[in-house]
Amino acid sequence: MEDTKFSLNQTPISTILAWVESGAIAIPEIQRPFVWTSTQVRDLMDSLYQGYPVGYIITWQNPDVKLKDGSTSQGKRILIDGQQRIAALRAAISGLNVFDKKYKKRRIAISFNPLTEEFRTRTSSTERGKEWISDIAEVMVNGYDTLTFVDEYVARNPGTTRQEINSRLNRLIQIKNKQIGEIQLSPSLDINIVNEIFVRINASGVNLSNADFAMSKIAVYEKDPGDEMGMRLRKFIDYFAHLSAAPDQFKDIAQNDTEFAKTDYFAKIAWLKNETDDLYDPTYNDIIRVVGLTQFARGKLGDVVSLLSGRNFETRQDEKEIADLSFQKLEKGLHQFTNENKFKQFVQNILRGSGYDEPNMLIARNAVNYAYAMYLRLLDIGENHADANSLVRRLLAISLMTGRHSGSFETQFEQDIKRIQSAGDMAKFIATLEEQELSDVFWNSTLVDEFDKPTTNNPFWHMFIAAQNKLLKQSFLSKNNIARDLATDDIHHIFPKNYLVKHGYDKSKYNRIANFVHLRNDINISVSDLAPREYLGDILSGGNNHHSDIVNEAEMINNFEDNAIPKILLQAEVDDYDEFLRQRQVLMAEMVREYYKTL
């Protein structure tokens, strides 16, 4: 018989809240920001009062694990969808705080008017208004004295009846006994099946990543009962990712999560409070992927999740001993990933050292994570630092040029990292890749064709710009502006867009990579929609320099070489456009080949 993938239960809200309070259902994201508005919390209370459906929560049963003595420890249920609803219920019914986007605790109180049966977010008027229950959490407490409340309410509000107010008060209190559907996913399910079920059940179509499931598994781990080691590691990951992007919130986290602020984990990421480099701001997905490779030699996050659950892949059982060992590796990997010197050296020596100087140039995040994992592996096995820098820069370039980071990259990455066991292995690996992937056919044909694509949101375009940066080339039509000094937005057409449109070219034609160049905006505006021979002729004749500082043909040809532009452009008109593109594609590929040799 096929295993049941999930069970559907109807459970009173009070029971669910009690399970959360006791830890029977773990909410991994409970420390993450509450994004609902107070109006949404109010509407949830109103829907429950009116008897409207409020959706399901989805939990995933953690597998039972086998202990050393042969006994079994029962796994907890993890909430994987419904965190905002549960947090809203805890706020409105239990009177608990939520965490805002700055990790500050705040109270969301909901008021209720028994006369009109209206809910509102608590304000000064609902606090003062004699007809309002200013905070419904106060009447939700077990054993609340409803008789006294009704007597006092009727006395404050003449014209009301005890029967009417008592009925509406009891209906309000009964909200906590309304049932919510719980879809409980089986512990035997593969992570990819869990994700598929989640997507199909979730009406909003929100997709959870495997990293979300990994973070859930991490958060509920306890080496010893009640030690919350997993939650600390979860915060370690979450706060590093958060502070990388928003270092100014360091004080907020320190002030509002005082227990975690006392830990060694927080001390180890404190350097981020002064970090301003945003070239590589890793998400928790990036962090777990890198650690998965460095510590487990696993590219598939589903396998990492299984190991963190204690999976013995041979016996197909979950064992506490394997889970404990996996969390030791996870902790080691996190310390390695977040190490200030290693992280900064990677960004400076590998990413910036490869010519990448803006975040939006690094659109292939899988390739960047792969490079960081390999860099950490080389440092771990004692590779010479200078050699490690050069080897990883070349590996990153190979990955970007050959698509090693796309398709079934997880299996490829696993195979790659398993090959790197001792100093010298990476050099042999790179030599093999160069022989297999970077043949003359690649440089003279395959790469040339890549520069014919109709978009600059492309790793090949960004690598060409990185090459210009690395080789210190001047921007187009300038002899005093290095290309890397211009902003990414300073990308313009060599054959002006409007000029080509006037001659019948559409977007797919005028937006070819080979028609783009780094160009100062003031020069581009001045050039307007002139043919290349016209605006270049203006510059060389001195009649109109279009803000360019180039004064003669020799300087112009040098500038062409810096931008991989063929000489045909000097006299080019619309009929020369296609030939110009073909020639420039070849020159761009040649510049990237020259760049690769410098890495």
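Is His-547 buried, partly exposed or exposed? His-547 counts as partly exposed, because its relative accessibility is 46%, where buried means under 20% relative accessible area, exposed means over 50% and partly exposed lies in between (1.4 Å probe, protein chains only).

## Basis of the description

The model is predicted: local features need pLDDT of at least 70, side-chain atom pairs count only at pLDDT 80 or more, and totals for chains, interfaces and linings use all residues. Residues are numbered from 1 along each chain as its sequence is written, and side-chain values use heavy atoms, with hydrogens and water left out.

## The chain as a whole

The chain has 28 helices and 15 strands. Helices (H or I, at least four residues) and strands (E, at least two) are DSSP runs, numbered from the N terminus. Along its principal axes, the C-alpha trace spans about 95 × 65 × 50 Å.

Of the 599 residues in the chain, 53% are buried. Contact means heavy atoms within 4.5 Å. Among contacts between residues at least 6 apart in sequence, 71% join residues at least 24 apart.

## Helix packing around H3

Helix H2 (residues 38-50) and helix H3 (residues 83-92) have axes that come within 10 Å and cross at roughly 85°. H2 is therefore roughly perpendicular to H3. Axes are lines fitted to C-alpha atoms, for helices over the stretch in contact, and angles run from 0 to 180 degrees between N-to-C directions. Angles under 35 degrees count as roughly parallel, over 145 as roughly antiparallel, 65 to 115 as roughly perpendicular and the rest as oblique. On the H2 side, Val-41, Leu-44, Met-45 and Leu-48 meet Arg-85, Ala-88, Leu-89 and Ala-92 of H3. By class, the contact of H2 with H3 has 7 nonpolar, no polar and 1 charged residues. Here Ala, Val, Leu, Ile, Met, Phe, Trp, Tyr, Cys and Pro count as nonpolar, Asp, Glu, Lys and Arg as charged, and the others, Gly among them, as polar.

Helix H1 (residues 13-22) also packs with H3, at an angle of about 100° and with the axes 11 Å apart. H1 and H3 are therefore roughly perpendicular to each other. From H1, the contact uses Ile-13, Ile-16, Leu-17, Val-20 and Glu-21, and from H3 it uses Ile-86, Leu-89 and Arg-90. The contact of H1 with H3 divides into 6 nonpolar, no polar and 2 charged residues.

## Aromatic pairs

Rings of Phe, Tyr and Trp (its six-membered ring) pair if their centres lie within 6.5 Å; planes under 30 degrees apart count as stacked, over 60 as edge-to-face and the rest as tilted. By this rule there are 34 aromatic pairs. One of them joins Phe-260 and Tyr-265, and this pair is stacked because the ring centres are 6.5 Å apart and the planes lie at 15°. Phe-260 is buried, at 3% relative accessibility, and Tyr-265 is buried with a relative accessible area of 10%.

The pair of Phe-346 and Tyr-375 is tilted, because the centres are 5.9 Å apart and the planes lie at 45°. Phe-346 belongs to helix H16 (residues 340-351) and Tyr-375 to helix H17 (residues 365-380), so the pair ties together parts that are 29 residues apart in sequence. Phe-346 is buried at a relative accessible area of 0%, and Tyr-375 is buried at 1%. Ring pairs link Phe-346 and Tyr-375 into a cluster with Phe-240, Trp-271, Tyr-280, Phe-337, Phe-343 and Tyr-372.

## A charge over a ring

The charged end of Arg-171 sits over the ring of Tyr-49, 4.1 Å from its centre. A charge sits over a ring if NZ of Lys or CZ of Arg is within 6 Å of the ring centre and within 35 degrees of the ring normal.

## Leu-330 and its contacts

Leu-330 lies in helix H15 (residues 320-338) and is buried, with a relative accessible area of 3%. Leaving aside neighbours within four places in sequence, Leu-330 is in contact with Ile-218, Leu-233, Val-291, Phe-296 and Leu-308. Leu-330 and Phe-296 are 34 residues apart along the chain, and their C-alpha atoms are separated by 8.6 Å.

## Loop residues with positive phi

Glu-117 is not a glycine, yet its phi is positive, at about 55°. This residue is found in the loop between strand S9 (110-113) and strand S10 (118-121), and Glu-117 counts as partly exposed at 22% relative accessibility.

His-547, the subject of the opening question, is placed in the loop between helix H26 (532-541) and helix H27 (553-562). Phi of His-547 is near 70°, a positive value in a residue other than glycine.
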